[in-house]
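Subject: Structure handover and notes

Hello,

Here is the structure we discussed, with the sequence. Please open it alongside the notes that follow.

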Amino acid sequence: MRMKIWPFRLQHWPLYAAMLVVAAFSVVFGMIADEMSEGETLAFDNAILLWFRDPQNTADPLGPPWLQEAVRDITALGSFSILALLLLLVVLALAMSGRRGTALFVAGSVIGGEILSTIFKNVFNRTRPEFIDPAHVLSASFPSGHAALSAIVYLTLGTILAGSTDKLSLRVFYLGVAIFLTLIVGVSRLYLGVHYPTDVIAGWALGIGWALLSGVAFRLWEITHPQKPL
């Protein structure tokens, strides 16, 4: 049995570009992880976190109680429970519409990203910022799981929605919303003081890189198996 080799084609340039972007985000993640491990980012991390704290009482975030409550609601958009529920509904909808390959791609991308994030958390085992009660900590700080998973889920769904329409304005809207949700979840982690800035940036790099890598893998599967859809 001869192995199929994916040939070089000029029309596949978006895939080549995506691979380069994956490599770039991998380098960014590695550089941040290296600097963080050596303690080189601590001054930067603490300085940024203090932007969100009351100067008179750094234990409290800036702003009135209603703002703090609103930010806690926003940060839930990147929680495992909310994203798992969203993932289940999207996968079921895709499967019921006959897009089983896309459904498996979305599920595999998110589950794989969660596993990867957990592995890195255990490897680096960074303690959380001093602003939170250690008794409430369920996982290590680096990288931010909320930032990584929100990037994977929202950017993947935004890409799927953008690919479902030929209208440029809708494509921009879908991708813009996905980027916006990813950003506000990450910033909410900083405001609440539960992650360092480098945790969030590394989480974004990991999530975006993994989502792109999963998308490239899925597209390559479609190209090399045109007669065998899932």
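Below are some notes on ring pairs, helix packing and backbone geometry.

The model is predicted, so local features need pLDDT of at least 70 and side-chain atom pairs count only at pLDDT 80 or more, while totals for chains, interfaces and linings use all residues. Residues are numbered from 1 along each chain as its sequence is written, and side-chain values use heavy atoms, leaving out hydrogens and water.

Aromatic pairs. There are six of them in the structure. Rings of Phe, Tyr and Trp (its six-membered ring) pair if their centres lie within 6.5 Å; planes under 30 degrees apart are stacked, over 60 edge-to-face, and the rest tilted. Phe52 and Tyr191 make an edge-to-face pair, at 6.4 Å centre to centre and 85° between the planes. Phe52 is in the loop between α2 (42-51) and β1 (53-54) and Tyr191 is in helix α7 (residues 168-191), so this pair ties together parts 139 residues apart in sequence. Helices (H or I, at least four residues) and strands (E, at least two) are DSSP runs, numbered from the N terminus. Both Phe52 and Tyr191 are buried; buried means under 20% relative accessible area, exposed over 50%, and partly exposed in between (1.4 Å probe, protein chains only). Elsewhere, ring pairs join Phe29, Phe120, Phe124 and Phe142 into a cluster.

Helix α3. In α3 (residues 65-75), the residues Gln68, Val71 and Thr75 are buried. Viewed down the axis of α3, its buried residues fall within an arc of 60° (taken from the directions from the helix axis to the C-beta atoms), so they line one face of the helix. Their cover includes β2 (57-61), α6 (145-163) and α7. Ser188, in helix α7, has 3% relative accessibility and so counts as buried. Neighbours within four places in sequence aside, Ser188 is in contact (heavy atoms within 4.5 Å) with Val71, Ile74 and Thr75.

Helices α4 and α6. Phe80, Leu83, Leu86 and Val90 in α4 meet Leu149, Ser150, Val153, Tyr154 and Leu157 in α6.

Backbone. Most residues other than glycine have a negative phi, and most peptide bonds are trans. Pro143 is in the loop between α5 (100-124) and α6. Asn125 is also placed in the loop between α5 and α6, and is exposed, with a relative accessible area of 58%.

Regards
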